[in-house]
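Come along and keep the picture beside you.

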Amino acid sequence: RDALRWSKYIDEAAKMFGDAEVYFASHHWPIWGQDEVHDFLGKQRDTYKYLHDQTVRLLNNGYTGPEIAERLSMPPALDQAFASRGYYGTVRHNAKAVYQMYMGWYDGNPANLNPLPPVEASRRYVDAMGGASKVMELAESAYDEGDYRWAAELLNRLVFTDPGFGAARELLAANYDQMGYQAESAPWRDVYLSAAWELRHGKAETGIEIADAKDLLANTAVSSFLDSMAVRLDGEAARGEDLTVEFYFTDLDQRYRLHVQNSVLNHQQVTESGDVDAALSLTRPMFDRLVLGNVGLKDALFSDDLALEGSKLKLLKFFSLLEEPNATFPIVTP
């Protein structure tokens, strides 16, 4: 988010509705009284402005995102404002977000330009520190001293080196419990405690079911949905493929041409049919049923709600290149 722009929008709203007696918006309960509304908006404006300006000041002095997050604190006038406390967002992660908006993920240190991936780096760190037993000993000491951030660093390395190391998993879970109890931010607490749960019970058995979002899907523009379809294309499986298909939505009188080439799926809305490998004519509800898995493509091809021109094999090949997202991947284990 652009914290500077947001602060200006808040200031614009405060001036535009300067005589307002009631403030009503998301993430907060209503506020009554002109003076109270003005005070609230002024402090919200200055909270975002302070986070933005001080983060940029520090990055201009050579500090990186983590360094800025560690040293930045709100002034008392804003820190004591209830709505500006870190019960949801925090100064630490908002400062990093401002930094990333301007500087991206790279902090300028070449050691961080192309680092080893987590598993390989963890194995080498553990070996360099004297092996798993030594790292575990250091982690236990840090935990006993309440140095939970350092304990998390050590134990995370152990778990990524050996996911089956039960003692390390349990101590890291207990460590995350403590970090969760100490977190003022509700999302931070949820993250820590969710991590502890995964370490004790494993990854979630079920993820978000797309069928639960059928009403949302039905009200999503076709072009937006095709954008989301493109990110499901398996780039490796699509190497060397050159496929063009069309979807004509009979109830919307809209036609879209989709082209797989260079392992990329592009789409455009067109007015007339063209020379394609396969063309489907179907209703938007039938399309949604296909997406939701309520009906299989092979079954749909024999339905009166769908008509195919061209190659059935090419159409099946096209859909075979789209993978289903893994909704149950682990977070705190490799």
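This is a predicted model: local features need pLDDT of at least 70, side-chain atom pairs count only at pLDDT 80 or more; totals for chains, interfaces and linings use all residues.

Entry 1: Is Gln44 buried or exposed? I found a relative accessible area of 15%, and Gln44 counts as buried because the cut-off for that word is under 20%. Gln44 sits in helix H2, which covers residues 34-59. I then looked for its contacts, leaving aside residues up to four places away in sequence, and found Ile10, Ala83 and Ser84.

**Entry 2: salt bridges.** How many salt bridges does the structure hold? I noted 19, and I looked up a few of them.

I stayed in helix H2 for the next pair. Asp39 forms a salt bridge with Lys43, and their closest N and O atoms are 3.5 Å apart. Both residues lie in H2, four residues apart, which is about one turn of the helix. Asp39 is partly exposed at 39% relative accessibility, and Lys43 is partly exposed too, with 29%.

Next I went to helix H1, residues 3-16. Here Lys15 is bridged to Asp11, with 3.1 Å between the closest N and O atoms. Lys15 and Asp11 are four residues apart in H1, so about one helical turn separates them. Lys15 is exposed, with a relative accessible area of 64%. I also saw that Asp11 and Lys15 belong to a network of salt bridges that includes Arg45 and Asp46.

My last pair was Arg284 and Asp288, whose closest N and O atoms are 2.8 Å apart. They are four residues apart in helix H13, so they too are separated by about one helical turn. Arg284 is buried at 8% relative accessible area, and Asp288 is buried at 9% relative accessibility.

**Entry 3: the sheet.** In what order do the five strands of the open sheet come? I wrote down S5-S4-S3-S6-S7, with mixed pairing. S5 and S7 (306-310) are the edge strands, each pairing on one side only. Direction ignored, neighbouring strands are turned by 20 degrees against each other on average.

I followed two of the pairings more carefully. S4 (residues 254-261) and S5 (residues 264-270) run antiparallel and are joined by seven bridges. Across this pairing, Tyr256 stands opposite Gln269 in S5. The hairpin of S4 and S5 has two residues between the strands, and Asn262 takes a positive phi near 60 degrees there.

S3 (residues 243-249) is joined to S4 by seven bridges, and these strands also run antiparallel. Val245 stands opposite Leu258 in S4.

I then checked which helices pack on the sheet. Helix H13 (residues 284-292) touches S3, S6 (278-282) and S7, and its direction makes about 115 degrees with that of S6. Helix H15 (residues 312-320) touches S3, S4, S5, S6 and S7, and its direction makes about 95 degrees with that of S3. One rule to remember: in a regular strand the side chains alternate between the two faces of the sheet.

**Entry 4: a nonpolar patch.** Which residues make the nonpolar surface patch of about 410 Å²? I listed Val22, Phe24 and Trp32. Val22 is in strand S1, residues 22-23. Val22 has 46% relative accessibility, so it counts as partly exposed.

Note on methods:
Residues are numbered from 1 along each chain as its sequence is written. Side-chain values use heavy atoms; hydrogens and water are left out. Buried means under 20% relative accessible area, exposed over 50%, partly exposed in between (1.4 Å probe, protein chains only). Contact means heavy atoms within 4.5 Å. Two strands pair if DSSP finds at least two bridges between them. Axes are lines fitted to C-alpha atoms, for helices over the stretch in contact, and angles run from 0 to 180 degrees between N-to-C directions. Patches are made of residues with over 30% relative accessible area and no salt bridge: like charges are joined within 9 Å, nonpolar side chains (Val, Leu, Ile, Met, Phe, Trp, Tyr) within 5 Å. Accessible areas come from the Shrake-Rupley method with a 1.4 Å probe; for residues, only the protein chains shown count as cover. A salt bridge is a side-chain nitrogen of Lys or Arg within 4 Å of a carboxyl oxygen of Asp or Glu.
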